[in-house]
Amino acid sequence: MDTTNDVLIVEQDGGVLTLTMNRPDVLNAFNDELLAALQTTLSEAAVDGSVRAIVLTGSGRGFSAGQDLSVLRERYRDGQVPSLGNHFREHYLPVVLAIRTIEKPVIAALNGVAAGAGASMALACDLRIASDKASIVEAFVRVGLIPDSGGTFILPLLVGLARASELAFTGARVDAEEALRLGLVNRVVPADELVEATMAWAHELAALPTRAIGLTKRGFNRALMPALEELLEHEAQLMEEAGRTADHLEGVMAFLEKRKPQFTGH
Ligand code: LHQ
């Protein structure tokens, strides 16, 4: 399966399927079209026996900056925020579910910054390899939101509750070396070696017993996130509530107007 469209480049090399998010001008921020392309491609890859490992990466200098906030300018024009819970259920939840339930190894290759839902998508993957120029930002709090797309449970699973609380409450930027130390990524390589190192690792994984790896992943899911769909649905409810706060509207508008937000706690 080899397809290319504007927002997602899909390339297969032997058993390795590489998905390159391709909106570099906005650091591959997610719009509905990119999320739909990811959803479709992952569901096709799940049943394609020729695909034995998947790489998720970004074009340009970012992995993904999370939700494209510029598309919200129009939607929030009159100060009314449409249901974020439903937006999450429809566009994000199926992608996270697909990454976690596809019974093949999924590697995130962090070519640059992964922020907000971009960070969560990377953390939902099984393995992460990062360029030494990459970083991870739990940016949600900067726009008055909660870490969605698995962030409420996968982040604390990876780094423990105390560190997860610090990262999620502050939205601090974590560089690649710190991410490695915290266990957020598995490997860090020089930026100009990322593609080669990722492909070598992905081909190694693709040559292993795919069914055994898939069943191991099913076991890990069952052990560590047995109520996966329920947890994601709960995130939708939390997003709904956070989306109704004045601080969310202020955070989005401040980002779009390139100014410092003034949060009130409401
Ligand atoms: C962007 C974005 C972006 C648009 C950079 N959108 N343009 C789910 C459902 C519904 C609603 C809301 O949220 C969610 C879940 C989420 O994902 S919430 C979190 C959303 N993401 C963020 O809040 C991150 C916003 N971005 C940033 O904080 C910074 O851009 C980071 C830290 C990612 C990178 O900083 P820099 O390396 O300094 O790059 P930059 O800020 O200069 O960005 C480069 C360009 O990309 C810039 O455009 P410009 O025209 O000035 O060159 C940004 O405006 C644009 N961009 N992120 N999410």
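1. The shell around the ligand consists of 16 nonpolar, 5 polar and 7 charged residues. In this grouping, Ala, Val, Leu, Ile, Met, Phe, Trp, Tyr, Cys and Pro are nonpolar, Asp, Glu, Lys and Arg are charged, and the others, Gly among them, are polar. The model is predicted, so to speak of local features a pLDDT of at least 70 is needed, side-chain atom pairs count only at pLDDT 80 or more, and totals for chains, interfaces and linings use all residues. Residues are numbered from 1 along each chain as its sequence is written, and side-chain values use heavy atoms, with hydrogens and water left out.

2. Which residues come nearest to the ligand? Of the 28 residues around the ligand, they are A65, Q67, L69, A117 and K258. A residue is near a molecule if one of its heavy atoms lies within 4 Å of it. Two elements, α3 (84-101) and β7 (113-115), each supply at least two residues of this shell. The largest share, 3 residues, comes from α3. Helices (H or I, at least four residues) and strands (E, at least two) are DSSP runs, numbered from the N terminus.

3. At R61 the side chain is involved: one of its N or O atoms is 3.0 Å from an oxygen atom of the ligand. The protein covers 77% of the 1,000 Å² of accessible area that the ligand has on its own. Such areas come from the Shrake-Rupley method with a 1.4 Å probe; for residues, only the protein chains shown count as cover.

4. Where does the ligand sit? The ligand is in the largest pocket. A pocket is found on a 1 Å grid over the protein atoms alone, as an open set of points with protein on both sides within 12 Å along at least five of seven lines. A molecule sits in a pocket if more than half of its atoms lie within 2 Å of its grid points.

5. Most residues other than glycine have a negative phi. N28 is not a glycine, yet has a positive phi of about 55°. N28 is in the loop between β3 (16-21) and α1 (32-46), and N28 counts as buried, at 0% relative accessibility. Buried means under 20% relative accessible area, exposed over 50%, and partly exposed in between (1.4 Å probe, protein chains only).

6. S149, which is not a glycine, also has a positive phi of about 55°. Its place is the loop between β9 (135-137) and α5 (151-159). Is S149 buried or exposed? S149 is buried, because its relative accessible area is 0%.

7. N111 lies in the loop between β6 (106-110) and β7. With a relative accessible area of 15%, N111 is buried. The N111 side chain makes a polar contact with the side chain of T57 (3.5 Å). A polar contact is a pair of N or O atoms within 3.5 Å; within protein, one must be able to donate a hydrogen and the other to accept it, and residues adjacent in sequence count only if both atoms are side-chain atoms. A polar atom of the N111 side chain also lies 2.7 Å from the backbone oxygen of G62.

Key. On a 1 Å grid over the protein atoms alone, a cavity is a set of points where a 1.4 Å probe fits but cannot get out, and a pocket is an open set with protein on both sides within 12 Å along at least five of seven lines; lining residues have an atom within 4 Å of a point.
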